[in-house]
Amino acid sequence: MKHYLDSEFVIAKMMQEAKGTTQKFVGLGYLRGFPIRVPPLGEQLEIAEGLDRLSAESQRLESIYREKLAALEELRKSLLNQAFSGKL
């Protein structure tokens, strides 16, 4: 359900149908009548497993990215230190 509500399709539909001039909103009545497509349980489980795998891979890649940024920062500090101490 979370992934469906976070989807571009749902967000675009709600933005398009939102009310208000200064600040757009969707009312509770609109939300109560909002159609929610529910695939068969087997398909839901497959989708959820796939999204979980993607999430885990994204977290793994983010961790690697942060490690590489930290290593680059250490290299930058080291090079600056060597440059200012005349060791380059």
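Arginine 66 and glutamate 62 both lie in helix α4, 4 residues apart, about one turn of the helix (helices are DSSP runs of H or I with at least four residues, numbered from the N terminus). The model is predicted, so local features need pLDDT of at least 70 and side-chain atom pairs pLDDT 80 or more, while totals for chains, interfaces and linings use all residues. Residues are numbered from 1 along each chain as its sequence is written, and side-chain values use heavy atoms, without hydrogens and water.

Arginine 66 and glutamate 62 form a salt bridge, with the closest N and O atoms 2.6 Å apart (a salt bridge is a side-chain nitrogen of Lys or Arg within 4 Å of a carboxyl oxygen of Asp or Glu). Arginine 66 counts as exposed because its relative accessibility is 54%, whereas glutamate 62, at 39%, counts as partly exposed (buried means under 20% relative accessible area, exposed over 50%, partly exposed in between, with a 1.4 Å probe and protein chains only).

A salt bridge also joins arginine 60 to glutamate 57, with the closest N and O atoms 2.7 Å apart. Both residues lie in helix α4, 3 residues apart. Arginine 60 is partly exposed, with a relative accessible area of 42%, and glutamate 57 is partly exposed at 35%. Lysine 2 and aspartate 6 meet in a salt bridge of 2.7 Å, N to O. The count comes to 5 salt bridges.

Helix α4 covers residues 41-84 and reaches 64 Å from its first C-alpha to its last, close to the 64 Å expected (1.5 Å times one less than its number of residues). Just after α4, glycine 86 takes a positive phi of about 80°.

Definitions and conventions:
Helices (H or I, at least four residues) and strands (E, at least two) are DSSP runs, numbered from the N terminus.
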